[in-house]
Amino acid sequence: MNSLPANDPCAEYADPVRRMLFIGEPCSYAPAEWPDYAAQFNLGHEHIGELIRLACDAVLHHGDSNGGTACAPMHAWRALAQLRADASVAPLLAMLKTEAEDEVAGEELPVVLGMIGAPAIPQIAGFLSDRSTPTSAANTAISGLTEIAMRHPECRTECVGILRRTLEPHAATDQTVSGFAVWALIDLAAVEAIDVIRDAFRRKSVDISIAGDEEDVEIALGLRARRTTPKPRYTILPEGWSPGADTNHIPRSTHVSPRRGTVGRNDPCPCGSGKKYKKCCLQ
């Protein structure tokens, strides 16, 4: 039988939640292949509080990835998603602020939010309007809105409305976040948002390297058949570059155009860092 040292912080978890500490690496990361945690571990709504604590456990998030318990938070938030635990939304979003570089969280929390559905929407809206929210965390939350709209079509209008508001002048949204908002609106085929999108591009409030420029977006939304201006180019800056650094010696091979059509978010970054695109130059 698996056991933990008496002084281990994990020892405070009680069964059946405690059993999730020993699942280890999942066989698959595909949401359709997640185990039925409630059935397999006899979990119910009475365990939501402890599952939230496990999902947000900083000790486990920063522990040894080879220690066997590192995947426990992931299993906990999957269980919360399956229980549609709306009480978990605020703590999971708060966790995103401190665990912005957690690649698995960036992949899975949008799905978790999507499974929870409508109750998550107001909290995501507040999260996106909070200017202290890190860019990568905001991008994950935007992906969560997309998941909600796709899984719960009755929520689409509300989700599109929030994405539109992030592009309005008063929102003063980071250009990268605006780019992800535009990408999400494309994924949702939100033709009704085109005026707000166009205005954001004309104010130069959108990073064109994410979903392309105004014409690219119009083509993606089926509003035009082809470009009337040359395709834009952008530069993926090399690792270690900082604002004010000399760009005269950046190799021509670093120029790509545009990101949406050439490099997937989960593909290796073309800058050669070895990281996923979304965790490197796409940020």
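The secondary structure of this predicted model comes to 14 helices and two strands. The protein has 283 residues, and 48% of them count as buried. Contacts between residues at least 6 apart in sequence are joined in 65% of cases by residues at least 24 apart.

Histidine 75 gives an example of a contact across the sequence. This residue lies in helix 4, which spans residues 72-82. Its relative accessible area is 1%, so histidine 75 is buried. Once neighbours within four places in sequence are left aside, histidine 75 is in contact with Met20, Ile23, Gly24, Pro26 and Tyr37. Between histidine 75 and glycine 24 there are 8.9 Å from C-alpha to C-alpha, and the two residues are 51 apart in sequence.

A pair of aromatic rings is described by the distance of the centres and the angle of the planes. The count of such pairs here comes to two. Tyrosine 37 and phenylalanine 41 form a stacked pair, with 6.2 Å from centre to centre and 20 degrees between the planes. The angle of 20 degrees counts as stacked because planes under 30 degrees apart fall in that class. Both residues belong to helix 1 (residues 37-41), and because they are four residues apart there, about one helical turn separates them. Tyrosine 37 is buried, with a relative accessible area of 1%, and phenylalanine 41 is buried too, at 6%.

The other pair is formed by phenylalanine 180 and tryptophan 183, again stacked, with the centres 5.9 Å apart and 10 degrees between the planes. Helix 10 (residues 175-187) holds both of these residues, which are three residues apart, about one turn of the helix. Phenylalanine 180 has a relative accessible area of 5% and is therefore buried. For tryptophan 183 the relative accessible area is 12%, so this residue is buried as well.

Helix 10 also packs against helix 9 (residues 156-166), at an angle of about 150 degrees and with the axes 9 Å apart. The angle makes helix 9 roughly antiparallel to helix 10, because angles over 145 degrees count as such. Their crossing is left-handed. On the helix 9 side the contact involves Val160, Leu163 and Thr166, and on the helix 10 side Ser178, Ala181, Ala184 and Leu185. By class, the residues of this contact are five nonpolar and two polar, with no charged residue.

How is helix 7 placed against helix 9? Helix 7 (residues 121-129) and helix 9 pack at an angle of about 5 degrees, and their axes are 11 Å apart. Helix 7 is therefore roughly parallel to helix 9. Ile121, Ala125 and Leu128 of helix 7 make the contact with Glu158, Cys159, Ile162 and Thr166 of helix 9. The residues in this contact divide into five nonpolar, one polar and one charged.

In the segment before helix 1 lies proline 16. A cis peptide bond joins aspartate 15 to this proline, with omega of about 10 degrees.

With a relative accessible area of 60%, asparagine 42 is exposed.

Alanine 189 likewise has a positive phi, about 50 degrees, without being a glycine. Its place is in the loop between helix 10 and helix 11 (194-202). Is alanine 189 buried, partly exposed or exposed? Its relative accessibility is 46%, so alanine 189 counts as partly exposed.

Notes. Residues numbered from 1 in each chain as written. Predicted model: local features only at pLDDT ≥ 70, side-chain atom pairs only at ≥ 80, totals over all residues. Heavy atoms only, no water. Phe/Tyr/Trp six-rings, centres within 6.5 Å; stacked < 30°, edge-to-face > 60°. Buried < 20%, exposed > 50% of the residue type's maximum accessible area, 1.4 Å probe, protein only. Axes fitted to C-alpha atoms, helices over the stretch in contact; angles between N-to-C directions. Parallel < 35°, antiparallel > 145°, perpendicular 65-115°, else oblique. Left-handed = near helix turned anticlockwise from the far one by under 90°. Contact = heavy atoms within 4.5 Å. Nonpolar A, V, L, I, M, F, W, Y, C, P; charged D, E, K, R; others polar.
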